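Me: Got a model open here. Can you walk me through its charged pairs and its sheet?

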Amino acid sequence: MSNETKSYKAELVGVFGYPVAENPTIVMQEAAFQALGLNWRYLTIEVRPEQLADAVRGLRAFNMAGINLTIPHKVAVIPHLDGLSPEAELIGAVNTVVREGDRLIGHNTDGKGFVRSVREDAGMDPAGKRVVFLGAGGAARAMAVEMALAGAAHVTIVNRTSDRGQPLVDLLQSKTPAQAEYVHWQRAYAVPVEADILVNATSIGLYPHVNEVPAVAIASIRPGLLVCDVIPNPPRTAFLRAAEARGARILDGLGMLVGQGAIAFKMWTGVDAPVDVMRKALEEGLAA
């Protein structure tokens, strides 16, 4: 008879958000746990802004291995943590928390997931590239910082207002090796001929507004330009379809979502994520 005692204890991770019911992260993380035979569970937890401090205390009390943060908690969670990674501190937002002993450390994997997708899914090295971001919100901030740290030579931030756009440019100029500029987004933005990568970092085109496209002069999109969209649902947005019709290469938001999820999976479990399993689970989940 074996002296080993069977354990029924599962390791817990999850996501805090409000609203959070449509967040699909659980689909890929649970598929990954199952594929590797890990006794882990991913919980999708609705947390109102005024309940965030209590939720983090609950995370500690439950000895959870970590948590993802989505809107509106990515910045608000920072005072409730014990430390930040250098990238999270630079970006000023946290989307992944990892328990290290009794300490909760905040990370930001959004931008890293995008860089990973550019490299692995699009087969392009960011080093030396000229990148244009449409929008200057949290997603643009994370991606722009990580692309600059990955060696992008020049970053253009195109935004309707300068109150977000210019501070992001100032951050890139002062804290990363990249050159950066702010462009006021008026009417249809014409993509510079020297641009290598164009990224829609806005929510324009997100379900159910699937026919909306960012205000870009489609005629300025040239063959060979890599056009990316952060929107995972639908993955093949109207903007990407229009860019592809112009001969551009395209990269959908599923790659970024899977990439950041795979990085978080490794941080929590210490095991390499089954990326193909995660993407397939997401594709099937969103299709359903």
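**Salt bridges and sheet**

Reply: Glutamate 87 forms a salt bridge with lysine 112, with the closest N and O atoms 3.5 Å apart. A salt bridge here is a side-chain nitrogen of Lys or Arg within 4 Å of a carboxyl oxygen of Asp or Glu. This is a predicted model: local features need pLDDT of at least 70, side-chain atom pairs count only at pLDDT 80 or more, and totals for chains, interfaces and linings use all residues. Residues are numbered from 1 along each chain as its sequence is written, and side-chain values use heavy atoms, with hydrogens and water left out.

Me: Where do glutamate 87 and lysine 112 sit in the chain?

Reply: Glutamate 87 is in helix H3 (residues 86-91) and lysine 112 is in helix H4 (residues 110-120). They are 25 residues apart, so the pair links distant parts of the chain. Helices (H or I, at least four residues) and strands (E, at least two) are DSSP runs, numbered from the N terminus.

Me: How accessible is glutamate 87? And lysine 112?

Reply: Glutamate 87 is partly exposed at 23% relative accessibility. Lysine 112 is partly exposed too, at 26%. The cut-offs: buried is under 20% relative accessible area, exposed is over 50%, partly exposed is in between (1.4 Å probe, protein chains only).

Me: Which glutamate in helix H5 pairs with lysine 112?

Reply: Glutamate 146 does, with the closest N and O atoms 3.7 Å apart. Glutamate 146 is in helix H5 (residues 138-149), 34 residues from lysine 112. Glutamate 146 is buried, at 6% relative accessibility. Shared partners join Glu87, Lys112 and Glu146 into one network.

Me: How many salt bridges does the count come to?

Reply: Eleven, by this rule. One of them joins arginine 57 to aspartate 54, with the closest N and O atoms 2.3 Å apart. Those two are three residues apart in helix H2 (residues 52-61), so about one helical turn separates them. Arginine 57 is exposed, at 51% relative accessible area. Aspartate 54 is partly exposed, at 47%.

Me: Now arginine 99. Buried or exposed?

Reply: Arginine 99 is buried, yet has no salt bridge. The nearest side chain of opposite charge is aspartate 102, 4.7 Å away. For charge, Lys and Arg count as positive and Asp and Glu as negative; His and the chain ends are not counted.

Me: What lies around the arginine 99 side chain, then?

Reply: The one of arginine 60 lies 3.4 Å from a polar atom of the arginine 99 side chain. The one of glycine 101 is also 3.4 Å from a polar atom of that side chain. Arginine 99 is in strand E5 (residues 96-100). Beyond its neighbours within four places in sequence, its contacts (heavy atoms within 4.5 Å) include Leu59, Asn63, Met64 and Leu104.

Me: Switching to the six-strand sheet. What order do the strands have?

Reply: E9-E8-E7-E10-E11-E12, an open sheet with parallel pairing. Two strands pair if DSSP finds at least two bridges between them. Strand E9 (179-184) and strand E12 (249-251) stand at the edges with a single partner each, so one side of each has no neighbour in the sheet. The twist averages 20 degrees from one strand to the next.

Me: How many bridges join E7 to E10?

Reply: Four, between E7 (residues 130-134) and E10 (residues 197-200). Valine 131 stands opposite isoleucine 197 in E10.

Me: Which strands does helix H6 lie across?

Reply: Helix H6 (residues 162-175) lies across strand E8 (154-159) and E9, at about 170 degrees to E9. Axes are lines fitted to C-alpha atoms, for helices over the stretch in contact, and angles run from 0 to 180 degrees between N-to-C directions.

How values were computed. Polar contact = N/O pair within 3.5 Å; in protein donor to acceptor, adjacent residues only side chain to side chain.
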